[in-house]
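Hello,

Here is the structure you asked for. Please open it and follow along with the notes below.

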Amino acid sequence: MKKNHPLRRVVLAGAATVSGIVLLLSLKPASDPGSAQAAGAAAQEAAQGGAAAAASGAITGDAAQTQYGAVQVRLTVADGRITKAEAVQAPKGGQSDQVTADAVPKLNQAAVTAQSADIDAVSGATYTSAGYKKSLQSAIDRMKASAGASQGATGTAQVSGTFNGDAAQTQYGAVQVRITVSKNRITRAEAVQAPKGGQSDQVTADAVPKLNQAVVTQQSPDIDAVSGATYTSAGYRKSLQSAIDKANASAGTQGSGAQQGSKAPEAPKAPEGSGNAQAGGTFTGEAAQTQYGTVQVRITVSGGRITKAEAVQAPEGGQSDRVTADAVPKLNQAAVAAGTADIDAVSGATYTSAGYKKSLQSALDQAGG
């Protein structure tokens with residue numbers, strides 16, 4: 001891949017048995033008080049028997065767009081088992097409030113019971129159920145990837161890198177938080193997106209620095225809202241939680257000293273027979289909203305290279321059908337050829353191209369690029 005967003009090699013040998021546990025203790029989600037206890041128990045087991053620890057912590061799936069709004073699922077996992085499922089996003093407003101209130105608790109319970117995304121749809125909530133299952137499957141995929149990365153670990157490692165949270169939509173605009181982690185501690189927090197325009201400029205200028213400072217002080221999303229910036233604070237905390245979830249999920253892959261972030265150096269080449277492996281798998285980017293609809297990209301990676309790119313969501317209806325049919329294959333081909341999100345927009349499909357590149361970059365970030 002090209003230099004500006006390479007997919008770094010993920011070194012499986014040398015990742016700590018207890019690396020995920022250490023990070024969970026220092027970056028614990030505020031909504032999951034039981035996770036630290038579960039992590040402590042797993043640490044004790046590892047110390048006594050040396051067995052590889054199963055995935056534990058909070059894992060958030062991709063937001064799934066439905067006809068009535070986005071659905072996004074967060075799982076709480078202890079020793080490889082789902083102990084709690086919750087919808088951090090669900091359709092709302094009008095009749096959707098009633099449908100969500102009835103369906104989501106049933107779906108949450110079904111996820112815990114089934115321990116999989118193979119759950120029945122709730123009657124009268126077909127679209128919400130489908131979105132829930134899609135996001136749930138995404139969370140389960142991340143859980144398995146995290147657990148698999150830590151199998152056979154023998155050394156102690158600490159997580160460092162840069163982690164972008166999902167963009168959280170608020171009444172006044174999107175909020176997206178990036179955290180910098182060094183040796184399992186948040187050393188910096190920043191809002192890469194925040195409401196702007198009119199009075200929002202003043203609110204953002206006042207609130208965001210305070211929220212950034214609070215994160216570094218608290219080492220947790222359990223921070224107070226800034227007075228006069230209720231919506232911005234809520235969006236900030238939601239995106240922050242997502243960033244922490246991603247940091248937790250990466251714990252099993254950090255033993256090599258490679259860091260996340262576009263400017264981090266590639267992991268050094270290991271001697272033959274050392275177990276060094278390059279990034280591989282399927283990674284779905286975050287859904288990018290455009291003027292004509294949502295664009296979401298999935299990439300398949302093998303040996304550290306993109307072997308396939310596809311748009312799992314793209315604008316549709318009316319003229320958008322023609323634009324999508326023409327542009328998406330070209331964008332897919334360009335992504336594979338470039339190995340990066342630095343690809344040219346397709347003429348006549350400016351908005352679709354911009355959304356594609358944004359979602360593609362998100363998928364590359366997940367893959368470690």
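Ser233 is buried, at a relative accessible area of 0%. Buried means under 20% relative accessible area, exposed means over 50%, and partly exposed lies in between (1.4 Å probe, protein chains only). Ser233 sits in helix H6, residues 230–249. Leaving out residues up to four places away in sequence, Ser233 touches Leu211, Ala225 and Val226. Contact here means heavy atoms within 4.5 Å.

A word on the source: this is a predicted model, where local features need pLDDT of at least 70 and side-chain atom pairs count only at pLDDT 80 or more, while totals for chains, interfaces and linings use all residues. Residues are numbered from 1 along each chain as its sequence is written, and side-chain values use heavy atoms, without hydrogens and water.

Helices (H or I, at least four residues) and strands (E, at least two) are DSSP runs, numbered from the N terminus.

Next, the aromatic pairs. The whole structure holds three. One of them is Tyr68 with Tyr127, edge-to-face, 5.6 Å centre to centre and 65 degrees between the planes. Rings of Phe, Tyr and Trp (its six-membered ring) pair if their centres lie within 6.5 Å; planes under 30 degrees apart are stacked, over 60 edge-to-face, the rest tilted. Tyr68 is in the loop between strands S3 (64–66) and S4 (69–78). Tyr127 is in helix H4 (residues 126–149), 59 residues apart from Tyr68. Tyr68 is partly exposed at 46% relative accessibility. Tyr127 is also partly exposed, at 43%.

Best wishes
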